[in-house]
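Here are my notes for a first look at this one. Have the sequence and the model open as you read.

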Amino acid sequence: MNYLVRRLLLLVPVVFGVTVIVFGVSHALPVDPVVAVIGEQAAEHPQIVAAYRARWSLNKPLPEQYVAFIGNALHGDLGVSLSSHRPVVQDLRDYFPATAELSVCSILITIVVAIPLGIVAAVFRGRPVDIVIRAGTLTGASVPVFWAALAALSIFYVHLGLAPGPGRLDTMDVPPPAVTGLYTVDSLLSGRLSTFFDALHHLMLPAIVLSGVTVGLLTRIMRTSMLAVLNQDYLRTARSKGAPRRRVVFRHALPNAAIPVITVVGLVFGELLSGAVLTETIFGWPGIGRYAYEAATVADFPAILGVAMLVAFAYLAVNFVVDLAYFAIDPRTREAVG
Amino acid sequence: MARLADKIPGLRIRKVAASELVFVISGGVLVLLALAVIAAGPLARTDPLAQHLASRLAPPSAAHWFGTDELGRDVFARTLFGGRNSLPAAAVVVAFGFLIGTALGGIAGFAGGLVDEVLMRLTDIFLAFPMIILAMTVSAALGASLIHGVIALAVVWWPQYTRVCRGLVLDIKTREFVLASHAIGRRPAGILLKTILPAALPTLSVMAAIDIGRAVLNFAMLSFLGLGARPPAPEWGLLVAEGSQYFQAWWISTFPALVVFVMVLACNMIGDTLRDVTDPWVAGRR
């Protein structure tokens, strides 16, 4: 328990640091935010500029501005997007579920594919199966995701017509009533099966492309972890006591080998987001990755900094949960910290 | 190979470990790639910026090995010269990350206590931002260009080196030769710089060398999004982006992507073989 409280407390300065960096970057920019927001014509009139500065506390010293920034953020105000002219928080709320759906789908695909592959590669180490799997994972981890997305779209959509067009649903379809924002879950909740299958159909290709990279990484981690565990003496003991191979692998080796995998899932979340920016942009998926890209190209700093903060916090939260899981599963961490 | 030696009496072949073969081949590929990029001028035989509008979007042929793009430029030449932007950019990013990360990690590991905690929190903060979002922000703030792309990526590249270096220093500083340095009264700064860090250098250097592949990939991503190298300068990621609008002319995007793939694959394979050999648990009972 003490360990968890300590971890939580250590998060606080990190969270503050994130906000400081976001604030710092937004104020270190060579772009004058006033001109960007009120337009060049209004910028000619000093009274308007002064009024704007006073309204947003831009004439106060930096520490006060930072406090105002934090205060605003805590009230759910992250500024107004320069391109959509809507509050950034609203934009994020609109686009985040799409990315969440894509990421979750990707992680599920990754886990379902990578864990068995890793186990097989470790158990049959050195055999042709292992070599094929390792070659496959190396390839998957090395292929540039932006090219893979283009190629997948070209092959499966343009030439084979298997994948649907851009977006989360067919243009004719109406989104299900929003409960979670995840079209798959919402359509199931409201009993609209055709919408569910349509959403799933649209999810498949981007999710598979996104998971291409992470499958490679997770398989290799699973394999390495499994190999390290398989060399342990306690397994030799189990075998010498007559335990069948399958039980040794699944009941004795696997639970211990799975532990580093959990940590990696947390780390992979960060990789997923990088891949999501490119994949979402190429597939026209309306998520925060594409939102961040479009914001960056037009220098819409409130938007991109809003995304940066959201993603940083989400990453910290995911890793904290991973730590919790680690703590719950691995008795060694509980003993080590007392 | 052992069986061949059985069949032919007197023939003795050393059984080459697969990992050795992989290591040598990967290393060879990287060297070839570097040489090709260095010799891009004579090798390409064409100016990468020269437009042959008569033969736009031509598939690979004897005249243009990788075909031409939408402006009639030779894709082979552009790919080779692209390496002159992609590779140095990646190398600078890694070098910067290596220097800063090693310095901070060394100080953190050596000093310990509050300094260590503060530096580790700082590292955590930077690690919380996904690399690409932060790089995009910096690049957008400074304006997209090759140099600004390098700066943007370098800013997010150092935390991993800090973590690794700190771990190494924590381990090394307990060894006898370091304790001996303390015992004979050397200044702490001297111990850190001349005794501890040199011991950590091999591991870190290997990590940096392999990292260049990842840096190439990330810089290509940034350029693909238009936040790194700008047209008409060739850069591998940028070339893929330029070819994305004419994807039926697959050669424009695919060949640069293939080069990036080969580079990253070779670096990954070298990293894997090194890890397989050095990690005692994975190496197993040998």
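**Notes on the model**

1. Starting with chain A: buried residues account for 37% of its 338 residues (buried means 20 or more other C-beta atoms within 10 Å of the residue's own, with C-beta atoms placed from the backbone). Bear in mind that this is a predicted model, where local features need pLDDT of at least 70 and side-chain atom pairs count only at pLDDT 80 or more, while totals for chains, interfaces and linings use all residues. Residues are numbered from 1 along each chain as its sequence is written, and chains are lettered from A and ligands numbered from 1 in the order in which they are written.

2. Chain A has 14 helices and zero strands (DSSP runs numbered from the N terminus: H or I of at least four residues for helices, E of at least two for strands). Of the chain A contacts between residues at least 6 apart in sequence, 69% link residues at least 24 apart; a contact means C-beta atoms, placed from the backbone, within 7 Å.

3. Where the chains touch, chain A puts in 39 residues and chain B 37 residues. On the chain A side, H13(A) gives the most, with eight residues. That side splits into 30 nonpolar, nine polar and no charged residues (Ala, Val, Leu, Ile, Met, Phe, Trp, Tyr, Cys and Pro are nonpolar; Asp, Glu, Lys and Arg are charged; the others, Gly among them, are polar).

4. Over in chain B, look at H4(B) and H7(B): their contact has 10 nonpolar, three polar and no charged residues. Those taking part include B:Phe96 of H4(B) and B:Trp157 of H7(B).

Technical notes
Two residues are in contact if their C-beta atoms, placed from the backbone, lie within 7 Å. A residue is buried if 20 or more other C-beta atoms lie within 10 Å of its own, exposed if 12 or fewer, and partly exposed in between; C-beta atoms are placed from the backbone.
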